[in-house]
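Me: I'd like to learn how to read helix packing and chain contacts in a model like this one. Could you walk me through it?

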Amino acid sequence: MDLIIFLVFVGGAYLIGQHIEKSHYKEIEKKESACLHIPSVTSKKIVNLDEVLDAKLVFGNVVISGDYFKMIVASLLNFFGGRVTPYEKLLDRARREAILRMKQDASSMDADMIINTRFEMSKLDSMARGGGGTGMFEIIAYGTAVKLAKK
Amino acid sequence: MKFVAREIKTNVNVSQEHPLKVFFKLLASLGVISVVVYILLVAVTEIAIQYIPQKINHALSSLFVNQFPFSVGSDETSQKVQGLLDDVSRKLDLPHADSFKVSIIDMDDKNAFIFPGGNIFITTALLNEFNSENELTMVLAHEVGHYMNNDHLRALGRAAVLGGIVAVLGVGGAGEVGQFITGFVNIFDLKYSRDQEERADKFAVDILNQYYGHASGAVSALQLIENKEVEKWTLNGFLSTHPVVVERVRYLQDLIRKRNFIIKGPSELKPLPFVLNLYEEESSEEIVELEAEVSE
């Protein structure tokens, strides 16, 4: 009986989680092609300072949580070992979303590019629930948006 | 260098392995581990119960009885039922006869169970259902049958080993793995406990036949718990521990036919050795109160 309830929960969490993941990826791809005109690079010295008309710190912040299904798979993998593939997708989504938000911030000042892009990441629910929970992560992407003089 | 915007076509950061495939692979691995654990459980308990002395059996019993807030076998009905059980075990010369202590407990759930050491509990709800002494004897003998087959020790031993494994996994941070293994083992266990029920039924009907000279009341005693089974059926259907009553009844009827036990009519059944006033008492008090009011 417990097993049936458990499987219903896992199955439900899986279906909902898959749906959210798919629609999120669609949204990310749409936004990415819309933001293609603003490149973000990790290099610090790609632009000549004389050409910079305006600069601004831009950042994109994403908090994302795993679901029950991902948690179960991850906790089992904790015992058996191996690549935690459900969380790979989760973090990939979060990173790309963070970059997109950063780019949206940059596009508000009509920036030409973002230089010196960096990532920070932290796990949010580890303190609150003693390391348990479905896994909640915060990812911040930040960089310097620059507006260049047109030649 | 001229910047050319390119769309991201591939993603090397995520594996394309289907999440359900990962999940079922893990589940299958757990299944294999559970089978190993289960075999271990069966082996340990089946071997160990052959060497458990009666003294330890009794020591275990005191552990369990102390967990209950009620006194064991103190009231009048309990003593009457005890008298019946004593008479059965004396006449049939059952081993460990003095180990069995019957107690009635006030519960709405129709049930009877036996603890390590031989403490038998019958709930008032079940007691109210009995129509004859034969049925009561059948239920008592069924519980004694569990004891004779050492089913309580099996249950205890398995709980101990399984609990130990789960606890160790929990300490190692793999609590979920332990829960999975418990779930799997419980499913494997269903067949095992069904076999135990049937063996106890078999023992009980033999006792009934030897004591009364016929096996009437055996089948109807099983049917008394049918309501409970129906409720169970809606809840966990095929996962029921007790084989569905219909199945058990069929098994018992086959057995009675095979052994040529005599079945007699309801008039041949012995009346209960006690009168149950569990509900009547209350109503008679109410009547007295009503009468008092009328006379005023």
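**Where the chains meet**

Reply: Let's start with the interface: chain B and chain A bury about 2600 Å² between them, and 76% of that area is on carbon and sulfur atoms. Keep in mind that this is a predicted model.

Me: Which residues of chain B lose the most area to chain A?

Reply: Those are S15(B), F23(B) and L26(B), and together they make up 20% of what the chain B side buries. As for residue counts, 29 residues of chain A are in contact with 31 residues of chain B.

Me: How many salt bridges does the rule find across the interface of chain B and chain A?

Reply: The count across that interface is 0. Over all chains, though, the structure holds 19 salt bridges. Take R96(A) and E32(A): they form one, with the closest N and O atoms 3.0 Å apart. This pair links distant parts of the chain, since R96(A) sits in helix α3 of chain A and E32(A) in helix α1 (residues 2-34) of chain A, 64 residues apart.

**A helix pair across the interface**

Me: What is the angle between α2(A) and helix α1 (residues 19-48) of chain B?

Reply: They pack at about 50°, with their axes 10 Å apart. Angles from 65 to 115 degrees count as roughly perpendicular and those under 35 as roughly parallel, so α2(A) is oblique to α1(B). The crossing of α2(A) past α1(B) is left-handed.

Me: Which residues meet there?

Reply: On the α2(A) side you have F69(A), I72(A), V73(A), L76(A), L77(A), F79(A) and F80(A). Facing them in α1(B) are P19(B), L20(B), V22(B), F23(B), L26(B), S29(B), L30(B) and I33(B). Sorted by class, the contact has 14 nonpolar residues, 1 polar and no charged.

**Inside chain A**

Me: How do helix α2 (residues 68-80) and helix α3 (residues 85-107) of chain A cross?

Reply: Their axes come within 9 Å and cross at roughly 130°. An angle has to be over 145 degrees to count as roughly antiparallel, so α2(A) and α3(A) are oblique to each other. The contact involves K70(A), M71(A), V73(A) and A74(A) of α2(A), along with P86(A), Y87(A), L90(A) and R93(A) of α3(A).

**Inside chain B**

Me: What about helix α3 (residues 76-91) and helix α5 (residues 133-148) of chain B: at what angle do they cross?

Reply: Roughly 70°, with the axes coming within 11 Å. That makes α3(B) roughly perpendicular to α5(B), and α3(B) passes α5(B) in a right-handed crossing.

Me: And which residues make that contact?

Reply: V81(B), L84(B), L85(B) and V88(B) from α3(B) meet E133(B), L136(B), T137(B), L140(B) and V144(B) from α5(B). By class, you'd list 7 nonpolar residues, 1 polar and 1 charged.

Definitions and conventions:
Residues numbered from 1 in each chain as written. Chains lettered and ligands numbered in written order. Predicted model: local features only at pLDDT ≥ 70, side-chain atom pairs only at ≥ 80, totals over all residues. Heavy atoms only, no water. Axes fitted to C-alpha atoms, helices over the stretch in contact; angles between N-to-C directions. Helix = DSSP H or I, 4+ residues; strand = E, 2+ residues; numbered from the N terminus. Contact = heavy atoms within 4.5 Å. Left-handed = near helix turned anticlockwise from the far one by under 90°. Nonpolar A, V, L, I, M, F, W, Y, C, P; charged D, E, K, R; others polar. Buried area = accessible area lost by both parts, 1.4 Å probe. Salt bridge = Lys/Arg side-chain N within 4 Å of Asp/Glu carboxyl O.
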